[in-house]
Amino acid sequence: MSGALVRKGLELFKDDFTTTKQGSSKKKKDPMKLISTNRKGVKRQLRRLHKQQAHSASTRKKSKVALECVHKHKLQDHTETSLKYFLSAPQTTHTDTVQKILEHQKGKLSKNQAPKPKEEKEGTVFTDRDFDKFEEEYVGFWE
């Protein structure tokens, strides 16, 4: 019984729910109503209105086209092609390449760096005796 009452109430108020405006049929505004009532400058105002209407229509079209391009590219899914590529790639890599990658991925901090090999001090060919002998000869030469 309550369902029947609801249906009858909807039938009575059906006209209130329908909208009078149609979304697809847009009426163009009369340009003469948009212009002021002054007699001077009517042609100039008409030209300005036509330019504004043409510009707004062109920007609407451009933005719609740009949005369509973005949506078209956004909806593409490349995961399957990427998986096929990675699965078909050879599984072995060269050791030189691996070493270069690992070296590059090491951190820049000193704690992450490998210790540098210590440089050995180079010894001289001359001994202390040779230096003493040279000193004696040099000092004796100037005296």
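Student: Is K43 buried or exposed?

Tutor: Start with the relative accessible area, and keep in mind that this is a predicted model. A residue counts as exposed when that value is over 50%. K43 has a relative accessible area of 66%, so K43 is exposed.

Student: Where does K43 lie?

Tutor: K43 is part of helix α4, which covers residues 42-74.

Student: Which residues make up the patch of negative charge?

Tutor: The negative patch on the surface gathers D128, D130, D132, E135, E136 and E137. Take E136 as one example. Its place is in helix α7. E136 has 61% relative accessibility and therefore counts as exposed.

Student: Which residues form the nonpolar patch, and how much accessible area do they have together?

Tutor: A patch can also be built from nonpolar side chains. In this structure V125, F126 and F131 form such a patch on the surface, and together they have about 360 Å² of accessible area. V125 sits in the loop between α6 (95-105) and α7 (128-142). With a relative accessibility of 75%, V125 counts as exposed.

Student: How many aromatic pairs does a search of the whole structure find?

Tutor: The general idea is that two aromatic rings are described by the distance of their centres and the angle of their planes. The search of the whole structure gives 3 aromatic pairs. In one of them, F134 and Y138, the ring centres are 6.1 Å apart and the planes are at 20°, so this pair is stacked. The angle decides the label here, because planes under 30 degrees apart count as stacked.

Student: How many residues apart are F134 and Y138 in helix α7?

Tutor: They are 4 residues apart in that helix, which means that about one helical turn separates F134 from Y138. As for accessibility, F134 is at 53% and counts as exposed, while Y138 is at 46% and counts as partly exposed.

Student: How many helices and strands does the protein have?

Tutor: Count the elements, then read them along the sequence. The protein has 7 helices and 0 strands, and the pattern is α-α-α-α-α-α-α.

Student: What do the totals for the surface say?

Tutor: Of the 143 residues in the protein, 1% are buried. The accessible surface comes to about 15900 Å², and carbon and sulfur atoms account for 57% of that surface.

How values were computed:
Residues are numbered from 1 along each chain as its sequence is written. This is a predicted model: local features need pLDDT of at least 70, side-chain atom pairs count only at pLDDT 80 or more; totals for chains, interfaces and linings use all residues. Side-chain values use heavy atoms; hydrogens and water are left out. Helices (H or I, at least four residues) and strands (E, at least two) are DSSP runs, numbered from the N terminus. Buried means under 20% relative accessible area, exposed over 50%, partly exposed in between (1.4 Å probe, protein chains only). Patches are made of residues with over 30% relative accessible area and no salt bridge: like charges are joined within 9 Å, nonpolar side chains (Val, Leu, Ile, Met, Phe, Trp, Tyr) within 5 Å. Accessible areas come from the Shrake-Rupley method with a 1.4 Å probe; for residues, only the protein chains shown count as cover. A salt bridge is a side-chain nitrogen of Lys or Arg within 4 Å of a carboxyl oxygen of Asp or Glu. Rings of Phe, Tyr and Trp (its six-membered ring) pair if their centres lie within 6.5 Å; planes under 30 degrees apart count as stacked, over 60 as edge-to-face and the rest as tilted. Lys and Arg count as positive and Asp and Glu as negative; His and the chain ends are not counted. The place of a charge is taken as NZ of Lys, CZ of Arg, CG of Asp or CD of Glu.
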